[in-house]
Amino acid sequence: MPKSTPIDWDSLDAVVADLDGTLYLGEAPLPGAVDFVTSCMARKPIFFLSNNTSKTPDITFEKLQRLGFLVRPEQVLSPLHGLVQAIKEHGFSNVWIMANAPVLAWLHTNLPHCNLRPSRSETQCVVIAYDDTFTYADLCEVGWRLQDGAKYWITHPDFVCPNPAGPVPDVGGLVELFSIGFGRRPERVFGKPNAEVLGPILSQFHASRVLFIGDRLYTDFELARRTQCQFRLVFSGETTREQWHALPGEKPLVLDLG
Ligand SMILES: [Mg+2]
């Protein structure tokens with residue numbers, strides 16, 4: 001069995017932790033997670049980075065507080081921050097974003113001059129976020145705009161999201177649906193494993209002195225590999241010990257928060 005490797009705190013200037021499957025599952029903190037975050041906060045700055053764009057950064061902050069993680073709002077990072085910045089940089093004014101109502105409201109507040117429900121002919125860009133309320137009509141709206149040639153961005157590539165009842169479908173599955181049906185692949189991804197999402201951290205701290213903790217190989221571990229951050233894998237979410245054993249090459253160090 002893989003053994004937990006203790007954290008060398010002297011080698012670190014900051015810690016970044018994933019959320020779903022790493023610190024909590026649904027509405028329950030994972031064993032040891034609250035104590036770990038509390039002890040970490042006494043030693044080093046800690047930040048929280050989830051790809052879960054079904055929640056606004058504000059809602060994620062409130063959830064962390066509710067579950068006993070006494071964090072500050074500015075410690076919560078989200079792919080939605082990068083999305084807002086990119087829409088502003090491109091000067092887009094008509095972006096059709098597939099997102100649930102609270103996320104659309106948050107985006108509207110942060111992009112007051114952008115129409116988030118443009119007509120087909122007006123649409124400059126289509127974005128798929130983790131919409132846990134979409135309808136068949138929404139799938140059609142996205143597909144038609146992709147067929148028409150709009151730019152195509154997604155907030156993150158996760159195939160499923162950990163959930164107490166079992167994994168639930170996430171953005172990555174929709175990407176395959178639109179790839180098969182409309183022949184398009186996303187041109188931009190904002191969340192993990194895209195290194196840009198760690199930009200606010202890596203502008204303050206050297207990557208080699210940042211520890212990333214996460215449960216998923218193709219987003220969390222891959223982000224650490226791309227940015228050259230330190231990494232610890234937890235087995236409380238998606239990755240199983242069997243998958244860890246089957247990995248070719250150098251395996252990620254593991255951490256048991258419990
Ligand atoms: Mg996770």
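I looked up the open sheet and found five strands in the order β5-β4-β1-β12-β13, with parallel pairing. β5 (76-77) and β13 (230-233) stand at the edges, each with a single partner strand, so one side of each has no neighbour in the sheet. I take two strands as paired if DSSP finds at least two bridges between them. Strands (E, at least two residues) and helices (H or I, at least four) are DSSP runs, numbered from the N terminus.

The model is predicted: local features need pLDDT of at least 70, side-chain atom pairs count only at pLDDT 80 or more, and totals for chains, interfaces and linings use all residues. Residues are numbered from 1 along each chain as its sequence is written.

Next I checked β12 (residues 210-214), which pairs with β13 in the parallel sense over four bridges. Leu211 stands opposite Gln230 in β13.

I then turned to the loop between α7 (199-202) and β12, where I found Gln204. Gln204 counts as exposed because it has 12 C-beta neighbours inside 10 Å; the cut-offs are 12 or fewer for exposed and 20 or more for buried, with partly exposed in between, and C-beta atoms are placed from the backbone.

Another entry concerns β7 (residues 125-128) and β8 (residues 151-154), which run parallel and are joined by four bridges. From β7 the chain crosses through helix α5 (residues 136-148) to β8, a right-handed β-α-β crossover (with the strands pointing away from the viewer, the path from the first strand over the helix to the second runs clockwise). Cys125 has Lys151 in β8 as its bridge partner.

Last, I followed β8 to β11 (residues 188-189): the two run parallel, joined by two bridges. Ile154 stands opposite Val189 in β11.
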